[in-house]
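Q: I have a structure open and would like to go through parts of it. Can we start with a term I keep meeting?

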Amino acid sequence: MFKILEKKNIGPDIWQMKVHAPRVAKYAMPGQFVIVITDKRGERIPLTICDYNRKEGWVIIVLQVVGFSTNRMVALNEGEAFSDFVGPLGQPSLFINEDREELKRKRFIFIAGGVGAAPVYPQLKWLAENGVKPDLIIGARSKEQLILMDDLREVSSDVYIATNDGSEGVKGFVTDVLKKLVEERPGYYDECVAIGPMIMMKSVAEMTRGMGLKTIVSLNTLMIDGTGMCGACRVTVGGKVKFTCVDGPEFDGHEVNFEEAMRRQGMYRKEETESHKCNLDKAVEDSHNKKA
Amino acid sequence: MKLTARVPVREQDPEIRRNNFDEVSFGYNEEEAVEEASRCLNCKKPGCVTNCPVSIDIPGFVMQVKERNFKEAASVIFKSSVLPAVCGRVCPQETQCEGKCILGVKGEAVAIGKLERFIGDRARENNFSIPVDSKPNGFRVAVVGSGPAGLTCAGELASMGYEVTIFEALHKAGGVLEYGIPEFRLPKEKVVKYEVENVRRMGVKIITNAVIGKAGNIDSLLTDEGFDAVFVGTGAGLPQFMNIPGENLNGVLSANEFLTRINLMKAYDDDFDTPVRTGQRVAVVGGGNVAMDAARAAIRLGAEVSVIYRRSAEELPARAEEVHHAREEGINFQLLTNPVEVLGNESGWVTAVKCVKMELGEPDDSGRRRPVVIKGSEFTIPTDTVIMSLGTSPNPLIAGTTPNLETDRKGCVKALDENGTTTREGIFAAGDVVTGSATVILAMGAARKAAKAIDDYIKSKHFGK
């Protein structure tokens with residue numbers, strides 16, 4: 001069992017949990033993720049690692065309630081425990097293997113969308129510890145959805161904010177800010193790291209392709225085992241089939257087939273639009289409803 | 001009559017069982033088991049034993065069954081296997097022990113598998129424990145993977161006095177017994193969990209949720225964690241796909257994914273959260289035991305199921321019993337058929353598999369006749385789900401994180417001898433990770449030899465020869 005040491009509500013339906021998991025904490029690196037199971041009947045849910053402490057043996061996860069299983073997860077309280085907590089899974093961020101001196105000269109622009117701020121944080125923290133302080137664009141639907149702001153400011157240089165409703169920072173999307181920044185200083189940034197909803201990563205990648213700005217994205221696909229066994233997480237990258245869980249989760253954003261990735265991500269999702277409703281979707285929906 | 005025909009085993013009616021996940025075979029009751037055991041001729045040179053990968057003293061335990069000494073029968077089996085209730089259910093006995101039974105020449109072989117299952121179940125029902133005679137010897141061995149190979153190696157070493165820790169990546173121990181083989185062939189709570197617990201009761205520690213290669217690696221086990229040797233029994237868990245167009249459409253999945261959802265995550269049971277979808281029609285591509293498991297699981301979820309296989313019925317690699325059960329349950333076999341493309345609708349969901357008809361040509365390297373495409377034979381099979389069951393290969397995680405642990409071209413860890421010696425000192429490997437996907441019992445046989453080799457290695461290192 002993996003005890004929940006702390007639980008905080010950090011936004012609408014967004015929760016932060018500090019979990020006692022010494023083996024995961026011991027080996028975790030930026031860019032990696034965990035799989036969490038609530039209890040005996042629970043699903044295996046992949047979640048990004050937001051922070052970790054090797055000495056104290058804990059890992060922080062951030063989760064947004066999006067459905068049945070995440071709801072059951074946040075129903076657990078401090079002092080209670082997840083039945084299973086496995087990781088770290090996936091490849092660490094590529095920059096951790098780069099030459100430290102070269103890395104210090106590198107100018108990154110990080111983009112965090114919504115709860116994508118959670119996996120961005122350990123990357124920025126690691127870079128800050130290694131003398132690199134990237135600029136950061138944070139996007140969210142509105143002010144309330146901006147999370148981890150103080151932590152993020154501490155480990156980045158200039159911070160830009162975009163909200164869809166204009167309740168904080170620029171009214172608009174992260175891509176609007178990115179476009180402006182790059183136009184102001186063409187060629188300034190060497191690399192972009194964008195983590196957030198698929199549609200945001202797709203839009204960023206489309207924009208930076210035109211700018212010739214290398215872009216790394218982190219995919220949150222469907223997964224079961226998370227160790228390369230099931231293939232549910234397969235994505236096409238540069239025309240080749242990759243498993244997000246073992247080959248990723250980070251990939252070159254310009255090579256990812258986002259259309260396919262977004263379609264596959266919705267495979268078990270309840271139908272949200274009436275435009276197409278085939279029997280299969282209906283069946284999945286029914287199965288989920290039945291379970292709920 | 002007694003000599004030629006075996007005592008038939010009672011099974012669930014196909015029309016009923018295709019609607020549930022309960023075990024198909026009821027197994028023998030005491031009277032049936034004793035009657036069947038009395039058919040054994042107790043041969044002087046028993047072929048069954050030499051053909052058993054773990055060399056169980058088969059006539060020895062069968063004679064005890066005949067005399068109704070069930071505890072003694074269990075003791076005989078436990079000397080060679082810690083998983084009798086598992087093996088009695090899933091071993092291909094017809095090609096192993098039963099294949100060499102002298103009664104099989106003129107009639108039916110003794111139903112050794114059914115008798116082993118009977119004793120395995122008896123042992124569980126009566127808590128016959130597996131004896132551990134040796135005193136702790138102070139040496140520690142790490143076993144990576146808790147499938148048939150890992151459990152066997154751990155059990156052997158524990159009974160020799162080693163302190164053994166198994167590291168399992170998933171949240172439940174058992175490996176393929178948990179995630180791969182369905183409930184209707186191998187009950188999880190009743191059989192698998194109990195026999196895994198038996199290994200624990202022998203003193204073996206099992207740590208789940210521990211992905212070696214990510215949370216530590218083989219070298220950190222040998223150095224930081226101070227193990228004297230490591231056994232790698234990580235199986236063959238990496239699914240293969242066909243690399244045909246449309247394979248990433250929604251509704252195409254590996255047999256591993258489908259079976260893991262159903263077996264490990266219990267998606268068929270409304271009390272569990274993991275979903276599974278089949279739609280109305282399911283096409284399973286492949287003809288092995290895993291394909292039969294996937295097809296038979298799909299039919300239990302209410303789908304119409306076709307198995308698509310590129311050779312003919314004769315070449316089906318699945319056990320005859322599995323094919324027979326699948327046919328009884330109403331699975332349709334599209335033989336001499338090979339998919340060339342998966343077709344989908346505008347929303348990206350599968351609608352059909354485009355196939356070609358095949359004919360058998362000259363034998364290939366495997367000795368089986370090579371399937372050849374019949375020109376102009378393209379046709380489509382409408383379907384909502386496609387399950388790819390084309391075999392699996394070892395997960396590259398261990399080899400990729402263990403310097404100088406050599407693998408072959410298929411990613412299998414190279415064993416330098418039949419004892420599982422690898423290219424790295426102190427690291428041994430056996431089972432599917434060495435051979436590629438094979439059977440539970442072959443993995444167990446190889447793991448037993450590796451356990452002996454680990455014992456020799458540690459003793460010669462510390463005490464000299």
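This is a predicted model: local features need pLDDT of at least 70, side-chain atom pairs count only at pLDDT 80 or more; totals for chains, interfaces and linings use all residues.

Q: OK, bridges. What is the bridge partner of Met358(B) in S12(B)?
A: The partner is Val373(B).

Q: And in which sense do S11 and S12 of chain B pair?
A: Strand S11 (residues 350–363) of chain B pairs with strand S12 (residues 369–373) of chain B in the antiparallel sense, over four bridges.

Q: How many residues sit between the strands in that hairpin?
A: The hairpin of S11(B) and S12(B) has five residues between the strands, and Gly367(B) there has a positive phi near 90°.

Q: Switching to chain A. What is the strand order in the open sheet?
A: The order is S11-S10-S9-S8-S12-S13-S16, seven strands with mixed pairing. Strand S11 (170–171) and strand S16 (250–252) of chain A are the edge strands, each pairing on one side only.

Q: Are S12 and S13 of chain A parallel or antiparallel?
A: Strand S12 (residues 191–195) and strand S13 (residues 214–218) of chain A pair in the parallel sense, over four bridges. In this pair, Val193(A) stands opposite Ile216(A) of S13(A).

Q: Which strands does helix H7 of chain A touch?
A: Helix H7 (residues 198–211) of chain A packs on the sheet and touches strand S8 (108–113), strand S9 (135–140), S12 and S13 of chain A. The direction of H7(A) makes about 170° with that of S13(A).

Q: At what angle do H6(A) and H7(A) pack?
A: Helix H6 (residues 174–184) of chain A packs with H7(A) at about 20°, and their axes are 10 Å apart.

Q: Why is H6(A) called roughly parallel to H7(A)?
A: Because angles under 35 degrees count as roughly parallel, H6(A) is described that way relative to H7(A). The crossing of H6(A) and H7(A) is right-handed.

Q: Which residues make that contact?
A: Among them are Val174(A), Leu178(A) and Val182(A) of H6(A), and Met200(A), Val204(A) and Met207(A) of H7(A). By class, the contact of H6(A) with H7(A) has seven nonpolar, two polar and one charged residues.

Q: Back to chain B. How far apart are the axes of H8(B) and H17(B)?
A: The axes of helix H8 (residues 148–159) and helix H17 (residues 440–463) of chain B are 8 Å apart, at an angle of about 35°. The crossing of H8(B) and H17(B) is right-handed.

Q: Last one: which residues of H5 in chain B are buried?
A: In helix H5 (residues 70–78) of chain B they are Phe70(B), Ala73(B), Ala74(B), Val76(B), Ile77(B) and Phe78(B). Their cover includes helix H4 (58–66), helix H6 (84–90) and helix H7 (112–125) of chain B.

Definitions and conventions: Residues are numbered from 1 along each chain as its sequence is written. Chains are lettered from A and ligands numbered from 1 in the order in which they are written. A residue is buried if 20 or more other C-beta atoms lie within 10 Å of its own, exposed if 12 or fewer, and partly exposed in between; C-beta atoms are placed from the backbone. Helices (H or I, at least four residues) and strands (E, at least two) are DSSP runs, numbered from the N terminus. Two residues are in contact if their C-beta atoms, placed from the backbone, lie within 7 Å. Two strands pair if DSSP finds at least two bridges between them. Axes are lines fitted to C-alpha atoms, for helices over the stretch in contact, and angles run from 0 to 180 degrees between N-to-C directions. A crossing is left-handed if the near helix is turned anticlockwise from the far one by less than a right angle, and right-handed if clockwise. Angles under 35 degrees count as roughly parallel, over 145 as roughly antiparallel, 65 to 115 as roughly perpendicular and the rest as oblique. Ala, Val, Leu, Ile, Met, Phe, Trp, Tyr, Cys and Pro count as nonpolar, Asp, Glu, Lys and Arg as charged, and the others, Gly among them, as polar.
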